[in-house]
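Please walk through this structure from the whole chain down to single side chains.

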Amino acid sequence: MDSFTMDSLAMQSIGMQSIGMGTSAMPDDYILQGGDVQRDRDTVLSIWRGNLGEQQNMQAKYDWFYLGCPFGPPVLQLLQHVRSDTTAGTCAAGRRRMLWRGQPLAAGVMVDLAVRAEHRSLGPALMMQQGLIASGLRQLDLLYGFPNAKATAIFRRIGARKLTDIVRYARVLRPAQYLRRRLPALLAAPLGGLMGIALRLRDQLRRIGTPRLDASWSDRADARIDELWARSRQGDGLLAIRDAAHLRWRFDEAPAGHARYLLLSSDTGRTLCAWFCTQIDDNILHVRDFWSVDAADGIATRYIDALVDAAHALDVAAVSVEVATSPARMKGWHARGFIERSRRPVYACWSDGIDPDSDDFDLQITSADEDE
């Protein structure tokens, strides 16, 4: 079991000077301990209670994310309050397999920061995140996270640096549903219907001369996903390994939401050329993850066209995708009417050998690279 005081944390590679604060700024009646996901399950769940989501989902989430990850248990940190001899907080980094410049990279997504109500202040939260980085970077090459507005300041204080933004793009399929928010129903329905017909006609004209794709749906990750991953180019940027093992654990076994896969091939289902992992929420088809034979350079518009066609058949109002990548890789999405709706920052701490400030730094991250 690892145990850290703030003095020992100051000697780690994320030293206090780079964080911009001294040890005197931190509480002296807390210590950090490395947790064990098996032994400390009940302790972590007790801290989560009332802090992280709905209670009935917490046990299932823990058993899936902490106990069931095929790539190894998360790096777990526990914050001990010395005077009361209680565990005051917890945070973790879930393991993810990535590639960097074509080589395997062990990464961790920072998740589940929770502090008991009586200990909620900036000091304990900072201390836990600092300890997570110190412990995590002894085992992993990269730690990254998707902080919300309240947590962004903590990520900055611990020395994490912003890599990029993950951006949500959407394409409206049924304009009438959106026009009702701005126009009277008597106007929204006919005008939206006409706009929808015009959009479908434009889509059909764009597909003239495009080779036909065979499209099918699957409730689980298909074995052909591995063959597609093996024969596709992955590029040199930061990229999660998108094979069947990743998808089965991340979506098929996850307790949060049911995912379906749109599988595309050009030879009647024999050879997969693209897939989209999707979930429907609030009448929107959300693309949680995707890959294609050309995804390293930018997914072809004909695959996006097939996705849009499949979404029309499901009678959803819109399609969305959340991704952090280069503008060049987004050209196909933009060409098919996907526009930015929102964005969130991605922060990271990395070990030696990864330099996000270098001119050739590149990455491709989707919402699948979060914890759930």
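This is a predicted model: local features need pLDDT of at least 70, side-chain atom pairs count only at pLDDT 80 or more; totals for chains, interfaces and linings use all residues.

Residues are numbered from 1 along each chain as its sequence is written, and side-chain values use heavy atoms, with hydrogens and water left out.

The protein chain has 12 helices and 15 strands. Both are DSSP runs, numbered from the N terminus: helices are H or I with at least four residues, strands are E with at least two. Of the 372 residues, 54% are buried. Buried means under 20% relative accessible area, exposed over 50%, and partly exposed in between, with a 1.4 Å probe and protein chains only. Contacts here are heavy atoms within 4.5 Å. Among contacts with a separation of 6 or more, 75% join residues 24 or more positions apart.

Now look inside. A nonpolar core is a set of buried Ala, Val, Leu, Ile, Met, Phe, Trp, Tyr and Cys residues joined through side-chain atoms within 4.5 Å. The largest one holds 38 residues, and Trp48, Tyr66 and Leu142 have the most contacts inside it. Apart from it lies another core, of 27 residues, including Tyr169 and Val287. Leu142 touches residues including Met98, Leu238 and Trp350.

Trp48 and Tyr66 also meet ring to ring. Rings of Phe, Tyr and Trp (its six-membered ring) pair if their centres lie within 6.5 Å; planes under 30 degrees apart count as stacked, over 60 as edge-to-face and the rest as tilted. By this rule there are 15 aromatic pairs. The Trp48 and Tyr66 ring centres are 5.5 Å apart and the planes stand at 65°, so this pair is edge-to-face. Trp48 sits in helix α3 (residues 41–48) and Tyr66 in helix α4 (residues 55–67), 18 residues apart. Trp48 is buried at 1% relative accessible area, and Tyr66 is buried at 2%. Ring pairs join both to a cluster that includes Tyr62, Phe71 and Trp249.

Last, take helix α9, residues 224–231. Its Ile225, Leu228 and Trp229 are buried. They cover an arc of only 100° around the axis, so they lie on the same side of α9. That arc is taken from the directions from the helix axis to the C-beta atoms. The buried residues of α9 pack against β4 (86–100), β9 (238–240), α10 (244–252), β11 (272–281) and β12 (284–292).

Definitions and conventions:
Lists of a residue's contacts leave out its neighbours within four places in sequence.
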